[in-house]
Amino acid sequence: MFVIPINAQTTAEFGYQLHPEKLLENTVGTLQIFVTSNEMMVPKAINDLKVISSDNSIIQVIDIQENNNGYTKNVQIKAIKPGIANIALAAPGFSSKEITLEVFNNNNYPTQILMKITPDDFPIDGPRFGYVTVELATTGGLPTIAPEDITIHIETPNKETISLKNQELLIKKGEYFATTEFNLVNSGDAIIFASAENMKKISEFVHIRKPTEPLQVQLFVIPERYSSYSGGAGYAIVELLDGEGAPVKAEEDIHMKLGVENPDVSVNTSNDFEEIQFSNKELIIRKGTYSAYTTFTPRPNLGEFTTDSEQTFNMFISTNDYLTNGDSFTVSHDEVGALEGEGPSSTTVLPFLTTGEKEIIAVTYFETEIEVSRKTGESTIGTTDRERVTVTVPVTAKQDYEINFASSESDTVKPINPIMKKGENVELVFGNTGTIAPDDSVVFYITDNEGVKTVTGTPIGPIKDDINLTAEPLVPMILVGSEFPVIVYLLEAEENGETTTTTEEDTEDENGRIGITPFIEDSVLTLSANDFVEAEPEIIKQNQPYILLNLLTKEVGDTELFFQAGQFEGNMAMTSHTTDPAEMHLSFAKNLLANTESLATIQLLDSVGNPVYAKEETLIKIVSNDESVLKIPDEVTIKKGEYFNTFKLESQNEGKIELALLSEDLPLSKYDINIVDVSPVISLDLLGGLNWNERVEAKLSVTIPEIETSLDGFNVVWTVDGGEILQMDDTTSSNGIAIMNILANDKDTVTVTATVSGNGLSSSTISKTVQILNMPIAEAPAEQDFIINSSNMIYIIIPVAIGVALFVLKRTERLQGITEKTDIVDKLNIGEKFDEIREKISSIRNR
C-alpha cells in the first residue's frame, strides 16, 4: 500500500517579491507571488488567489495575472500616497499571509527639520559653550536646500541649565543649514526644541555633568604660626572642592564671610575688639573660578590681653547652600622683636586645576625657629620660673627677594617666581597651568638662602595618555556640493579607553571630569589626502576649546578623514548624500528554479536608499560571469522621469552567478543569483493481485526532499510492456500522485516505465517489472481416434452447417449486407455460439 509522505501534507506557504522593491507614490508595481519552502521557490500552482489591501488610500490592488510558468502570480498594485499598508494573501491549501509594503515620497522639497547639538555631553572642567545646527530635509530624510528663506525657531525650557545665543535661525535660499551657539549655565540635562512653519517640531538633549557631591568650601590659613610682637601676616584662601576634595569651578558666585572664634571670650567682650584684623572679611568665589583669598594679621599687642603664652584661633566661613570647613592657626605672645632676613622659606602647595590659565598653586613664607624664655609659674628659692622653648616666628624680608620655583612637569604647570617684598613675610605663588595632569604628583624645586628644597602637589586635570583627537560634522547630514562645518577637539576617555555616554540610570555614578578638554599645546591641524574633501591647515592655540573647519565634497558615499594635531591623531567617518540617483538596486526572487522564467527589476535609489526618478535617461549594462546559467538582456534603460525597469530572467542551468550592473556616474553594483535545479524523487508501486487477465494499478509518487510541500502538476509519460493500458493520469495530483491501470493479458511479466518532468525541474525516469501469476498453458494436440456418436454428432454438424451457409452467402455476396445489419448479427449471437461450440469440441477431444 502506498503511503503519502508526511512532509507532503504540510500546508503551503506564500513567497513574494516586489517589483520594484521600493515603490514611489502614484506609480504601479508588480507583486510576484509564488509558493516557497525552506527559502526555495516551489513549482506549485496557486489557485483562486485572493489579494486584499489594508488601506486602499495607500496601495490599491489592480489585477492578478498568471505567469507563463504556471506557478507564479503577478499582482498589479498601485501606490497612491506615502505610507505603509498591509497586503493580505489567501488561497485554498495555503497559510494566509500579510505583507507589509511601504510607499515612498517623491518630494525633494524640504518637509522636515533635522537638528544636531555638538557637543551633547560636557564635563565640569571643559568648554562652557557648544553649537546647535538645524538642517532642512526631505520626507525621505535627505538634506536639501531651501527654495526660499526659511526661519527656524529654537527654544529651551531649561534656562537654568543652558542659554541660547539666538532663538531664531534663518536658512537662506540655496542653503540647507544654520548654526548658533549655546552657553552652559549649570549642571544637569536640557532639551532644545526646533520648529518651523508646516514642519514637525523636533528636539534634542544636552547633558552637563555634575561634580561629585557634596560640594564644600574649604579654608586654608597659611602660615600656621604667628607672633603678636614680631608682626607678620598670613593668607586666608578659600577653595570650592567636590566630594572627593578636588577643586571644582563654581557655577554661580559664592558669597561668604570670614570669622574667628576667640579662644578666651572672658578677656574682652567688646564687639569693637578684634583679635584678628582682615584686609577683607567678605570674599566671593566668582562663577567659573574656584578660589578667593584675603590677608590678615593678628592684633599687634594681642599678648597684652591674655596671660597665655600662645593661643590657637579657629577661623571659619559663613555662607549659604554649601558645606564649609574652617582652619586654625597659632599666635605666640613671647616678647620678641620683629625679625628681618633673607629667609629661610617654607612652602605649602594648594589643590589646583590644570585650566590652561594662571592659577594659585602655593603659598611661600619666611619663618624661622628661635629659642625664647617663658615663665612657667611662681619662682621659689633656688629655682626659676622660666624655661627655654623653641618657637616658630615670622621673618620679614629686609629687601625684595625673588624665590626660584621650578616644576618637574612643565606641561602641567610652569611656576612664576614669587618676589618676597621688603617688609613682607608671605607671598602667593602663581603658575601658568597646562591642560593635562601627570599620572603622579608634581615636584616643585624651590631655591632660597638655604639651597634647594622640594615640595609635592597633585594637580587635577586630564591624563595625557587618555586623550584622543576627535572630529565630527556639525550638521546632521552632509549634502554633496555644499560646504559643511566640522568641529575638532580633544576628548578624554574613561580608563578603559572608551568615551563616555551617559544614561539616566548611571548619571549619579558618572565621572564628572571626563569629556572634552582644551588643546594642550600650540599645533597645526592637518587633514590627510582624501579624494572626497580637501582642507587647508589650521593653527591651534594652547587652551583653545575647539577648532572649526569648512569642508566641501563633490562625491557621494562614505569615506574616512584622518586628522593630525601635534602629537594627536584622529579620524572621522562621513557619509555624503544627494537627492539625485546615487546607486542602482536589483530585486529578484531568491533561489530561482532552473529552466524557468522570473522577473527582475533595476531601480534607482538616492544616497540613503530611497527610490528616485532619473533626471536623464540612464543606460545600464548587465554583465554575467556565466551566460550558460542565466539568460539576461545585455542592457536596460531607465528613461528620464522613470525610476525602474522590469525585465525577464530565463534560467537555463543550475549554478551560482554574479550579475554586475554598470552605468555612468553610478557606482558598480554586484549581485549573486542562485539557480537551483532540483530533481524530484519518484517512487513507483504496482498494486493488485497480479494475475493473468486482471487489472494491475501502477501508482507513481513525486516528492522533493528539499521542500516540505507536496508537488502537483508534474507531467508523466507512461510506457507499458506486457499489458494493455486501461486508464492513466498524465499529470500528478495535488498529493503528487499519478495512477495508471493496466490489463495483464499479454506476457508473463509486466514492465511499467514513467518519466516525470515539468515545473522547472529536471526530468526523472523510473521503471518497475512484476511477474504475472496464473498464466494459461498452451498444449499441443494429441493423436487419438475420434469416435462419432449420437452425443457429439450435433456439435460437429452445427458448425459444419454454419460454415457451409457462410461460404454460400459470401460467394453470393450476401454476407456483407447481413453483417452490416448489426441488430441481426447481435440477435443471432453468432460469436457466442462459436465460443460454446469451441468449448464442446475441446471437451470432446479431452475425453
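Trainee: Which residues form a nonpolar patch on the surface, and about how much accessible area do they have together?

Mentor: The model is predicted, and what follows should be read with that in mind. The nonpolar surface patch is formed by Val-623, Leu-662 and Leu-668, whose accessible area together is about 260 Å². Leu-662 belongs to strand β57, which covers residues 655-663. Its relative accessibility is 40%, so Leu-662 counts as partly exposed.

Lys-648 is in strand β56, residues 644-651, and counts as partly exposed because its relative accessibility is 42%. The C-alpha atom of Lys-648 is 8.6 Å from that of Thr-601, although 47 residues separate the two along the chain.

Among contacts between residues at least 6 apart in sequence, 63% join residues at least 24 apart.

Next come the charged pairs. Side chains of opposite charge can pair when their charged atoms come close. Over the whole structure, 20 salt bridges are found. One of the salt bridges joins Arg-209 to Glu-510, with the closest N and O atoms 4.0 Å apart. Arg-209 sits in the loop between β18 (199-208) and β19 (216-222), and Glu-510 in the loop between β43 (483-492) and β44 (516-517), so this pair ties together parts that lie 301 residues apart in sequence. Both Arg-209 and Glu-510 are buried. They are also linked with Asp-121 in a network of salt bridges.

A further salt bridge is formed by Glu-697 and Lys-699, at 4.0 Å from N to O. Glu-697 is buried, as is Lys-699.

The salt bridge between Glu-310 and Arg-225 has its closest N and O atoms 3.1 Å apart. This pair links distant parts of the chain: Glu-310 is in strand β26 (residues 310-318) and Arg-225 is in strand β20 (residues 225-227), 85 residues apart. Glu-310 has a relative accessible area of 34% and is therefore partly exposed. Arg-225 has a relative accessible area of 28%, so Arg-225 is partly exposed too.

The strands of that last pair can be followed into their sheet. β20 and β26 both belong to an open sheet of 5 strands, ordered β20-β28-β26-β22-β24, with mixed pairing. At the edges are β20 and β24 (282-285), each of which pairs on one side only. From one strand to the next, the twist averages 30°. The partner of β20 in this sheet is strand β28 (residues 327-332), and the two pair in the parallel sense over 3 bridges. Within that pairing, Arg-225 stands opposite Thr-330 in β28.

To return to the patch: Val-623, Leu-662 and Leu-668 are its members, and Leu-662 is placed in β57.

Key: Residues are numbered from 1 along each chain as its sequence is written. This is a predicted model: local features need pLDDT of at least 70, side-chain atom pairs count only at pLDDT 80 or more; totals for chains, interfaces and linings use all residues. Side-chain values use heavy atoms; hydrogens and water are left out. Patches are made of residues with over 30% relative accessible area and no salt bridge: like charges are joined within 9 Å, nonpolar side chains (Val, Leu, Ile, Met, Phe, Trp, Tyr) within 5 Å. Accessible areas come from the Shrake-Rupley method with a 1.4 Å probe; for residues, only the protein chains shown count as cover. A salt bridge is a side-chain nitrogen of Lys or Arg within 4 Å of a carboxyl oxygen of Asp or Glu. Helices (H or I, at least four residues) and strands (E, at least two) are DSSP runs, numbered from the N terminus. Buried means under 20% relative accessible area, exposed over 50%, partly exposed in between (1.4 Å probe, protein chains only). Contact means heavy atoms within 4.5 Å. Two strands pair if DSSP finds at least two bridges between them. Axes are lines fitted to C-alpha atoms, for helices over the stretch in contact, and angles run from 0 to 180 degrees between N-to-C directions.
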